[in-house]
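Here are my notes on the model you sent over.

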Amino acid sequence: MDVKKAIEERRSIRKYENREIPDDLLRGVIDSARLAPSGNNTQPSTYYVVRDEETKSKLRENKVFSQDFVYNAPAIIVCCTDPTAYEKHVKGWDSPNEDRAIRDLSIASSFLVLRATELGLGTCYVGWLKGEKIKEILGIPKENLVPYVITLGYPAENPKPTLRKSIDEVLL
Ligand SMILES: Cc1cc2nc3c(=O)[nH]c(=O)nc-3n(C[C@H](O)[C@H](O)[C@H](O)COP(=O)(O)O)c2cc1C
């Protein structure tokens, strides 16, 4: 699959087969995120992958996600980024470090999601969450931000494409 096809075929998947993701595929999607560019090559992002039922139960008990499908996904990739990782900050020339950290994580996440698509895996970004509670449960260092998680698994649905603006609306 080429990049164009992965971009066109990716959908948010909210129903997954009850099937384990092989370790090498999981490592492969995280590896694609690792290869993404970041400001000043700072690489502020890290990923905690929740696959075990015990941790999922803890997350569920604490109601960290508002949607049930997240707990039922074979893997929940908790996307973390560290604003304190940036050594240089040139005021007036760059965004605040929190913005930079989320910017870099978001670029890396796109690589991750497209590679997952290529491997036949489904993903969904999930921003409706209690990030601070997730950090507490998983022991994620407090300086990290958790703007979203990405669910991952073999798709058990085939959603239609969602609407997009036309090219003339976005190319100004
Ligand atoms: C940053 C981000 C956060 C999102 N948060 C949620 C979420 O909390 N719950 C959910 O069901 N979908 C979430 N989505 C998925 C969007 O609803 C979805 O990408 C959009 O409707 C377009 O559909 P598509 O991904 O199938 O093309 C999120 C997407 C992004 C990029």
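1. Let's begin with who surrounds the ligand. This is a predicted model, and sorted by class its ligand shell holds five nonpolar, four polar and four charged residues. Which residues come nearest to the ligand? Of the 13 around it, those are Arg10, Ser12, Arg14, Gln67 and Arg164. If you go by secondary structure instead, S3 gives the most to the shell, with three residues.

2. Arginine 14, already listed among the residues that come nearest, has a polar side-chain atom 2.8 Å from a ligand oxygen. Threonine 162 also puts a polar side-chain atom by a ligand oxygen, at 3.1 Å. With glycine 127 the backbone is involved: one of its polar backbone atoms is 2.9 Å from a nitrogen atom of the ligand.

3. How much of the ligand does the protein bury? On its own the ligand exposes 620 Å², and 65% of that is buried by the protein.

4. Next, the sheet. It is open, has four strands and pairs them antiparallel, in the order S1-S2-S4-S3. Strand S1 (45-50) and strand S3 (122-126) are the edges, each pairing on one side only. So the strand that gives the most to the ligand shell is an edge strand, if you take the pairing definition of at least two bridges. From one strand to the next, the twist averages 25 degrees.

5. Strand S2 (residues 75-81) and strand S4 (residues 145-153) run antiparallel and are joined by six bridges. For a landmark, find isoleucine 77: its bridge partner in S4 is isoleucine 150.

6. Helix H2 (residues 23-34) lies across S1, S2 and S4, and runs at about 160 degrees to S1. Helix H5 (residues 97-118) lies across S1, S2, S3 and S4, running at about 5 degrees to S4.

Definitions and conventions: Residues are numbered from 1 along each chain as its sequence is written. This is a predicted model: local features need pLDDT of at least 70, side-chain atom pairs count only at pLDDT 80 or more; totals for chains, interfaces and linings use all residues. Side-chain values use heavy atoms; hydrogens and water are left out. Helices (H or I, at least four residues) and strands (E, at least two) are DSSP runs, numbered from the N terminus. Axes are lines fitted to C-alpha atoms, for helices over the stretch in contact, and angles run from 0 to 180 degrees between N-to-C directions. Contact means heavy atoms within 4.5 Å. A residue is near a molecule or strand if one of its heavy atoms lies within 4 Å of it. A polar contact is a pair of N or O atoms within 3.5 Å; within protein, one must be able to donate a hydrogen and the other to accept it, and residues adjacent in sequence count only if both atoms are side-chain atoms. Accessible areas come from the Shrake-Rupley method with a 1.4 Å probe; for residues, only the protein chains shown count as cover. Ala, Val, Leu, Ile, Met, Phe, Trp, Tyr, Cys and Pro count as nonpolar, Asp, Glu, Lys and Arg as charged, and the others, Gly among them, as polar.
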